[in-house]
Structure formats: C-alpha cells, structure tokens
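Trainee: I would like to learn how to read ligand contacts and helix packing. Please take me through one case.

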Amino acid sequence: MVDVVEIERTDSRSSAPPRKTWERAEAEALYNLPFADLMFQAQGIHRANFNPNHVETASLLSIKTGGCPEDCGYCSQSAHYDTGLKATRLMPRDEVVAVAQRAKDAGASRFCMAAAWRSPKDRDLDQVCDMVSAVKRLGMETCVTLGMLTPKQAERLSDAGLDFYNHNVDTSPEFYDKIITTRTLQDRIDTLAHVRDAGIKVCCGGIIGMGEMVEDRLGMLVLLANLPSPPESVPINLWNEVKGVPVNETAERPDPIALARLVATARILMPNSVVRLSAGRQYMTDELQALCFLAGANSIFIGDVLLTTKNPQRDRDADLLDRLGITSRLA
Ligand code: SAM
Ligand code: DTB
Ligand code: SF4
C-alpha cells in the first residue's frame, strides 16, 4: 500500500522547486489502493484545492461538422468512415452567438466551439476569432477545439480573448497508433505547447472504453500530469458509441468502479486541474456519477447533445446535482 503522497507541485517555469514527475508505477500503486483509501486520498486533495460541493457546467457546439480528414477511429466526424453523418459548413457567427446565449440561459458558464478540421485555414480562423470575441461579450468563458495550430494561429486566438483550447492526447503513447494514424502524438503535444506559449489555458484529456488496457488509461494520465504544466482542464470521455467506426469492433465499456478509480487517480496526479466527466455520462447511473464527483470530478458538459452524440437531459442533471447538494449554474 502507498502512503499519502506529499509533494510540492509548482509550475516548472516559476522560481519555486520543480514539480514532481510521476512514474507509471506510482500511478498504478495509487489506482490499485483499497477503494476507500484511494477515495480518501483523492477527496483530501480535492478539498484542499476546490470547493467539493461545486461543479462547473460547460456547453458544446459543433460549429463545423463532419468531413474531417483525420482517421481517429472513435469519431463520427472522420471522412474515413461511413457513419451516416451529414457534413456541414462553418456556422455563421450570429447563429453561434444565439446558441451560446441559450446555453448561458440554460446554466452553462463555458461555451466550447468545436470544428472537425485537421487544422484551421487562416480565413476560417478569422471567423472563429470573431465568434470567440462575440461569445466572450455574453460574459461566458470560451473554449475552442479546431485541430492542430501553428504558433501564430494560437497567438491570434489569444488576441481574440480565448480562454481555453481543447486538444486531447486521447490515450496512452502505446495505444495511440492503434486509434489514429494521420497525426502523431508529438503533433498534438506541439500544438499544446503553442497554445501554452500564447497564454491560453489548456484543456486536454482523452477517451476510455475503446479497448485499451487499464495501463493505457494510467499511461495517459501520467502523460498529462507530466506535461511542462498540467492542463488546467482534463476531460475524461467514456467512448460514446458511434456506428461504422473501427473502435466499434474493439470497444468495451469499463467497469464503473474502474472509472471511479481513474477519476480519483487523475485528481491525485493533477491536484489543481478541473477534471471533467465528459462524453459517456449517458451510460452512467446517478450513483456512478456521484462516486466520480466524490473522487474529484468537478465539471460536466450540459445539454442534450455533445457534438454529434447524446448527453443526459438538462433536467436529469439538475435533479442529480440538487440531490447531491452540489451547486452549479444549473440550479
Ligand atoms: N477536431 C478536433 C480535435 O480532434 O481536436 C476537435 C473535436 S474532437 C470531437 C474532440 C475530442 O472529442 C476528441 O479528441 C476525443 O477525445 C473526443 N471524442 C470524439 N468522439 C468521441 C466519442 N465518440 N466518444 C467520446 N469521446 C469522443
Ligand atoms: C472533449 O474531450 N470532449 C468533448 C470536447 N472535448 C470537444 C467532445 C465529446 C464528443 C463526443 C462525441 C460526439 O458527440 O461527437
Ligand atoms: Fe477529426 Fe477531431 Fe474527429 Fe479526429 S476527433 S476525426 S480530428 S473531428
């Protein structure tokens, strides 16, 4: 059994001592603790860094759907697979702002705009920058996910006032090329560095339930925790079923206790990061979500759809948070 880990965690770019580098064996030892010990440790760290009775609410919009040249084996939007999804062009700014306003009225504090691109063209980026500035004027936090960025593109998004950029590592380095072949993990890490250098906060996580092993899930957490600065926001997606993609052949829904253990391990490895219970909540019972909140998850996506797949209904989420005494903008 591992003892409670006492470590100094400071940004490696500050003058304070460097942050701890996590070893996989340490993550595995934590993950395999007796459940009560793991949860106790995660709760302690959670309470030291966050209000344990609050969750953040974000809302998603696909501003450009489908026809993506990447071959991510889990994704409904890849042009490599026949998923029956209709591709659309980039939405006009005013329509996006109207959806953001409705999301704000429904209880979202952050609005995340996603486009199915390998990387944005500069003329597309002009429009996205315009959307970011307009959504910020509504008083919401903004996030976009547009694929790979150059340093200059990241600067432009920063100048437009963007708060967060979402770009996931998706899985462990070992499992990565079983899922995606059209861009490398290093490509993704390079984009994350450009986003950081531009002063934008990083939202980076991945997916579980694609047929990976527990070691891969932990390898992903260790990769995230050991980035030069850990992501401010860590989405943990449970694979939402999509017909026609390769992951359909390998997918295996994780044991609920394994999911709670993973969230707790994420909380311990990244004590200051907001951990988002992202896709896949449609498959989770109220009890499992409650366990994940206890383990340190403190953000959810609200709204009936994510990008192209289902999410629990707003009223079900509001009722669950109410029964747990958790505050949010949904109340
Ligand atoms: N094209 C951009 C990119 O890949 O960075 C942005 C959109 S992409 C849909 C954002 C993330 O959503 C992916 O990196 C993946 O982690 C997650 N995702 C995509 N499809 C999913 C699914 N069916 N179930 C769960 N998560 C999914
Ligand atoms: C993330 O990690 N999860 C969100 C957000 N980042 C963009 C996307 C989930 C997408 C789920 C599949 C879909 O709805 O198409
Ligand atoms: Fe394209 Fe993103 Fe889907 Fe990959 S996850 S196919 S990059 S939209």
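Mentor: Start with ligand 2: one of its oxygen atoms is 2.6 Å from an N or O atom in the side chain of Thr308. That is a polar contact, a pair of N or O atoms within 3.5 Å. The model is predicted: local features need pLDDT of at least 70, side-chain atom pairs count only at pLDDT 80 or more, and totals for chains, interfaces and linings use all residues. Residues are numbered from 1 along each chain as written, chains are lettered from A and ligands numbered from 1 in the order written, and side-chain values use heavy atoms, without hydrogens and water.

Trainee: What lies 2.7 Å from an oxygen atom of ligand 2?

Mentor: An N or O atom in the side chain of Thr309. A nitrogen atom of ligand 2 is also 3.0 Å from a side-chain N or O atom of Asn166.

Trainee: Which residues come nearest to ligand 1?

Mentor: Being near takes a heavy atom within 4 Å. Of 19 residues around ligand 1, the nearest are Thr145, Asn168, Asp170, Arg188 and Asn240. A polar side-chain atom of Asp170 lies 2.7 Å from a ligand 1 oxygen. A polar backbone atom of Asn240 is 2.9 Å from a ligand 1 nitrogen.

Trainee: How do the axes of helix α8 and helix α10 cross?

Mentor: Axes are lines fitted to C-alpha atoms over the stretch in contact, with angles from 0 to 180 degrees between N-to-C directions. Helices are DSSP runs (H or I, at least four residues), numbered from the N terminus. Here α8 (residues 214–225) and α10 (residues 256–269) come within 10 Å and cross at roughly 20°. So α8 is roughly parallel to α10, a term for angles under 35 degrees.

Conventions
Helix = DSSP H or I, 4+ residues; strand = E, 2+ residues; numbered from the N terminus. Parallel < 35°, antiparallel > 145°, perpendicular 65-115°, else oblique. Polar contact = N/O pair within 3.5 Å; in protein donor to acceptor, adjacent residues only side chain to side chain.
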